[in-house]
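Dear colleague,

I am handing over the structure we spoke about, with the sequence alongside, and my notes follow below. Please read them with the model open.

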Amino acid sequence: MNKKIPMRTCIGCGENKPKKELVRIVKTSENDVLVDVTGRVNGRGTYLCKDMECFEKCIKNKGFNKTFKTGDIKLSDEEVEKLRSSFEEALKLK
Ligand SMILES: [Zn+2]
């Protein structure tokens with residue numbers, strides 16, 4: 001049996017990977033950007049490898065702003081810090 005694996009693109013390195021190997025990042029309707037460990041948070045989602053490097057790459061090239069098409073929202077340094085620590089936490093889960 002050949003079950004199709006859902007693939008997603010990491011916005012850090014641009015690689016296509018099975019969804020399960022990626023961490024979901026969501027922008028909620030309140031314009032909060034957060035790490036979605038459950039995969040069930042409502043909002044516009046995007047994906048990153050379980051790799052700190054991809055996270056940093058994404059921050060550096062403003063990947064979140066591009067992906068969420070939020071010219072109006074820029075993540076503040078504080079928000080980036082928050083996101084970074086929850087991303088780190090998410091990496092530890094597996
Ligand atoms: Zn990546």
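A search of the whole structure, which is a predicted model, finds 1 aromatic pair. The rings of phenylalanine 55 and phenylalanine 87 have centres 5.0 Å apart and planes at 25°, and because planes under 30 degrees apart count as stacked, this pair is stacked. The two partners come from distant parts of the chain, with phenylalanine 55 in helix α1 and phenylalanine 87 in helix α3, 32 residues apart. Phenylalanine 55 has a relative accessible area of 0% and is therefore buried, and phenylalanine 87, at 0% relative accessibility, counts as buried too.

What is phenylalanine 87 in contact with, once its neighbours within four places in sequence are left aside? The list consists of Val23, Ile25, Val35, Leu48, Cys49, Asp51, Met52 and Phe55.

As general background, nonpolar side chains in soluble globular proteins tend to be buried together.

Turning to the strands, 3 of them form an open sheet in the order β4-β3-β5, with antiparallel pairing. Since β4 and β5 stand at the edges and each has a single partner strand, one side of each is left without a neighbour in the sheet. Neighbouring strands of this sheet are turned by 30° against each other on average, if direction is ignored. Between β3 and β5, which run antiparallel, there are 6 bridges, and valine 26 stands opposite glycine 45 in β5. Helix α3 packs on the sheet, where it touches β3, β4 and β5, and the direction of α3 makes about 5° with that of β4.

Is lysine 27 buried or exposed? Lysine 27, which has its place in strand β3, counts as buried because its relative accessibility of 14% falls under the 20% cut-off. The side chain of lysine 27 makes a polar contact with the side chain of asparagine 31, at 3.1 Å.

Definitions and conventions: Residues numbered from 1 in each chain as written. Predicted model: local features only at pLDDT ≥ 70, side-chain atom pairs only at ≥ 80, totals over all residues. Heavy atoms only, no water. Contact = heavy atoms within 4.5 Å. Phe/Tyr/Trp six-rings, centres within 6.5 Å; stacked < 30°, edge-to-face > 60°. Helix = DSSP H or I, 4+ residues; strand = E, 2+ residues; numbered from the N terminus. Buried < 20%, exposed > 50% of the residue type's maximum accessible area, 1.4 Å probe, protein only. Polar contact = N/O pair within 3.5 Å; in protein donor to acceptor, adjacent residues only side chain to side chain. Pairing = 2+ DSSP bridges. Axes fitted to C-alpha atoms, helices over the stretch in contact; angles between N-to-C directions.
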